[in-house]
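I opened this model to look up how one chain is built and how it meets its partner. My entries follow in the order in which I looked things up.

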Amino acid sequence: MGFFSSSISCVRYRVEGRIAGNPTDFVREGLTRNMIREIEDDPADSASGWTSFTDPYQPAFEGDSFVWGTFFVFALRIDRKPLPANLLRKEFSRSSKRRLSETRRSFLSRDEKEALREKVSRTLLARIPPVPHVHDLVWDYENHRLFFFSVQKAANEELEKLFRRSFSLSLIRIFPYTAAELLCGLKEKERDLLAALTPSRLKA
Amino acid sequence: MLDIAVAYQRFRFLGDEFLTWLWHGVETRNESLCALDPEVKGLALAERMVIENREGSKEKITIRGEDPGLEEARIALGRGAWVSELGLSLRTEKQEYRFALKAENLNLCGLKMEPASSFSLEEEAETRLLDRMDQLIKLFEFIDKLFSLFLSERLSPKWKGTHLASLRRWLAQEESKTRGL
């Protein structure tokens with residue numbers, strides 16, 4: 001769901017590290033280098049990359065189009081091609097029969113079956129249009145934090161991977177322990193207490 | 001700092017305890033929680049709560065609806081369960097937020113908020129985004145204040161004798177009421 005949806009969900013991250021040089025230029029380069037690649041007419045089953053917040057189906061990062069106020073605003077797009085197992089089975093069966101008929105043989109070896117299945121899968125994937133999933137994000141560069149508007153596990157994992165690849169910076173997800181460590185201004189003694197903490201019991 | 005993956009599992013209980021503490025706080029010291037932020041005018045439970053017992057009976061209770069009866073949830077807490085998701089409604093002078101917090105990861109889910117200012121359809125998306133981000137950041141800052149207060153009490157030597165004891169007393173009272181004693 002997008003940032004402007006009537007109901008939004010959000011995962012927070014702490015951005016570790018700093019960019020040397022001009023941050024806008026650096027981020028533009030990272031975004032452009034890892035922009036979503038179109039996979040229509042391509043046998044790839046999925047693709048992921050950065051895209052524009054305002055026009056996720058025509059990504060472009062010219063100038064400072066991704067700079068909104070003090071934030072960097074863009075989106076992660078993950079395109080997937082759904083290939084139903086039944087469809088693959090049907091096309092594989094047809095191709096197997098055709099191959100047997102062409103070669104006047106009664107069976108295919110395991111390697112031949114595997115190669116044929118791969119070929120059928122690639123042919124089908126090239127014909128299936130990808131389904132795009134767009135996940136907006138806002139990077140508050142000055143305050144080392146990032147807001148990702150998706151709670152999907154796979155999308156968050158992809159974000160963490162792609163962010164590191166694009167900007168050589170780590171994302172630390174905010175969950176109870178990291179919130180305690182990073183957001184609560186604990187002193188050394190409190191950190192020690194936190195590390196030794198064990199669950200409470202509500203039952204007396 | 002510990003390894004993130006290890007810490008996620010090792011300190012999972014911290015989120016459960018935070019949301020249970022928060023439910024107790026909303027019901028028993030609402031004003032002092034709201035006073036953590038001068039802009040906050042009201043904090044209340046909203047229409048969703050999930051209670052989980054990950055030990056023994058491994059029960060999970062989901063309570064939905066406007067003004068839900070929470071007796072069942074309190075009884076489950078008395079049996080050793082914790083709040084794993086809490087729906088909240090937060091009111092400031094300019095805004096009302098409704099959302100759910102997840103104990104496991106502190107994710108903010110299903111957030112509904114009105115625009116703080118009214119924008120025309122032609123209004124720049126940037127203005128709308130900055131306005132919404134401002135509201136969202138304020139909400140997170142309040143959640144962080146609540147979490148910090150919880151953590152300071154949790155790490156205090158008075159946790160067991162004062163804060164946890166108060167939570168237990170509250171549960172016991174509610175249980176007595178439910179049984180009509």
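This is a predicted model: local features need pLDDT of at least 70, side-chain atom pairs count only at pLDDT 80 or more; totals for chains, interfaces and linings use all residues.

Reading from the N terminus, I wrote down the order of the elements as α-α-α-β-β-α-β-β-β-α-α. For the overall extent I took the box along the principal axes, which the C-alpha atoms of chain B fill at roughly 60 × 45 × 30 Å.

Entry 2, packing within chain B. I looked up burial and found that buried residues make up 28% of the 181 residues in this chain. Turning to contacts in chain B with a separation of 6 or more, I found that 57% of them join residues 24 or more positions apart.

I recorded 37 residues from chain B and 34 residues from chain A. On the side of chain B that touches chain A, at least two residues each come from α1 (4-10), α2 (12-28), α4 (71-78), β5 (108-113), α5 (125-155) and α6 (159-179), and α5(B) gives the most, with 12 residues. By residue class I divided this side of chain B into 25 nonpolar, seven polar and five charged.

Which strand of chain A pairs with β5(B)? I found that it is β1 (residues 8-16) of chain A, which pairs with β5(B) in the antiparallel sense over two bridges, and I noted that A:I8 stands opposite B:L111 in β5(B).

Technical notes: Residues are numbered from 1 along each chain as its sequence is written. Chains are lettered from A and ligands numbered from 1 in the order in which they are written. Two residues are in contact if their C-beta atoms, placed from the backbone, lie within 7 Å. Helices (H or I, at least four residues) and strands (E, at least two) are DSSP runs, numbered from the N terminus. Ala, Val, Leu, Ile, Met, Phe, Trp, Tyr, Cys and Pro count as nonpolar, Asp, Glu, Lys and Arg as charged, and the others, Gly among them, as polar. Two strands pair if DSSP finds at least two bridges between them. A residue is buried if 20 or more other C-beta atoms lie within 10 Å of its own, exposed if 12 or fewer, and partly exposed in between; C-beta atoms are placed from the backbone.
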